[in-house]
Amino acid sequence: VTITTRLLVSHLSGIRHYEKDIAKVKEEKEKANRALKPTKPHQDKEQKEGKGVEKADPAKPRREHDGETKSRNSKAGRRDKEFEQEEYYLKEKFESVIESLKIFKNDPLIFKPGSQFLYSTHGFTLLSAVVERASGQKFTDYMLKMFRDLDMLSTVQDDNEAMIYNRARCYVYNKKGRLVNAPYVDNSYKWAGGGFLSSVGDLLKFGNALLYSYQAGQFKSSTGKLLPGYLKPGTVAMMWTPVPKTEVSWDRDGKYAMAWAVVEKKQECGCCRRQRHYTSHTGGAVGASSVLLILPEELRPGAGAAPPRGVIVTIVCNMQSVSLNSTALKIAREFDKERQAQ
């Protein structure tokens with residue numbers, strides 16, 4: 001088979017995630033697909049006629065609905081189960097991303113590359129190895145230079161030995177539901193897929209740099225001195241274009257693009273549900289959760305005001321298995337409403 005960098009960045013490579021058992025992976029995917037299927041007509045009829053409906057306190061149906069929502073969106077329930085995988089808790093230190101390939105390089109592919117979607121942290125480890133060989137320097141050095149270019153001076157690799165100013169403690173809930181310190185892990189095996197520490201300020205800078213790059217070609221500067229974006233507008237547009245056969249666990253309306261989840265602009269009928277174009281990505285690690293969401297402003301032709309135009313929301317939480325995308329989207333929409341009202 002052939003695995004391209006585009007397949008890696010869109011999680012279509014077939015490389016496994018943390019679960020090694022192919023049968024379990026396929027079973028989980030089938031369960032997720034069944035949860036997304038609409039309710040059958042005869043089931044709706046039974047519900048309307050009151051058959052099999054148990055009368056209970058108002059809180060119970062809400063809890064059941066919450067559970068259904070979590071199942072559909074593959075949020076807390078699946079994430080908690082995912083954190084049971086042993087590879088999340090590796091303590092071995094890897095000196096290079098090439099060395100960390102040994103974790104999965106001899107494992108069979110889950111499916112033929114390009115045929116299905118499977119989120120894979122290890123796929124991004126292979127992608128980082130491509131960057132390392134193509135650039136001729138260590139992946140971490142390459143990324144730290146890029147962070148410096150973006151003025152993200154608080155973003156560093158999560159090195160346990162290094163003294164990192166303002167590094168937060170991370171927390172998890174134990175089996176008794178009590179808050180405890182997160183266990184010790186070494187993330188050197190997955191720098192690209194979850195090995196960097198950052199701050200909300202730096203993530204906002206990153207989001208603004210991408211949004212500026214995306215919109216720079218749509219603006220006409222009155223002075224003619226509009227600086228170019230860090231990336232070309234076409235590059236960001238390509239990164240934010242949904243890729244066929246992909247899916248997104250944290251928003252049923254979205255598709256995966258190139259390292260980003262994208263919800264496209266859509267409204268089928270007047271005065272009905274309207275989707276705004278936005279892009280986001282969540283993050284989950286041992287003892288931490290995060291999200292970065294970008295809601296671009298819908299620009300008119302020949303917009304004169306300088307980019308970036310839109311709302312960017314980022315949340316970093318030192319708590320494991322916290323679903324943050326819906327919260328970030330609500331915040332972005334509120335700020336967008338306020339902007340439109342001005």
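Val 1, Ile 3 and Leu 109 form a nonpolar patch on the surface, with about 260 Å² of accessible area together. The model is predicted, so local features need pLDDT of at least 70 and side-chain atom pairs pLDDT 80 or more, while totals for chains, interfaces and linings use all residues. Residues are numbered from 1 along each chain as its sequence is written, and side-chain values use heavy atoms, without hydrogens or water.

**Surface patch**

- Leu 109 sits in the loop between α6 (97–100) and α7 (121–135); helices (H or I, at least four residues) and strands (E, at least two) are DSSP runs, numbered from the N terminus.
- Leu 109 counts as partly exposed because its relative accessibility is 30%; buried means under 20%, exposed over 50% and partly exposed in between (1.4 Å probe, protein chains only).

**Aromatic pairs**

- The whole structure holds 11 aromatic pairs; rings of Phe, Tyr and Trp (its six-membered ring) pair if their centres lie within 6.5 Å, and planes under 30 degrees apart are stacked, over 60 edge-to-face and the rest tilted.
- Tyr 18 and Tyr 88 are stacked, at 4.1 Å centre to centre and 25 degrees between the planes.
- Tyr 18 is in the loop between α1 (5–9) and α2 (22–36) and Tyr 88 in the loop between α5 (76–82) and α6, so their pair ties together parts 70 residues apart in sequence.
- Tyr 18 is buried at 2% relative accessibility, and Tyr 88 is buried at 3%.
- Phe 147 and Phe 196 form an edge-to-face pair, at 5.3 Å centre to centre and 85 degrees between the planes.

**Aromatic cluster**

- Tyr 18, Phe 83, Tyr 88 and Tyr 89 form one aromatic cluster.

Definitions and conventions:
Patch = residues over 30% accessible without salt bridge, like charges linked within 9 Å, V, L, I, M, F, W, Y side chains within 5 Å. Areas by Shrake-Rupley, 256 points an atom, 1.4 Å probe, with all protein chains shown as cover. Salt bridge = Lys/Arg side-chain N within 4 Å of Asp/Glu carboxyl O.
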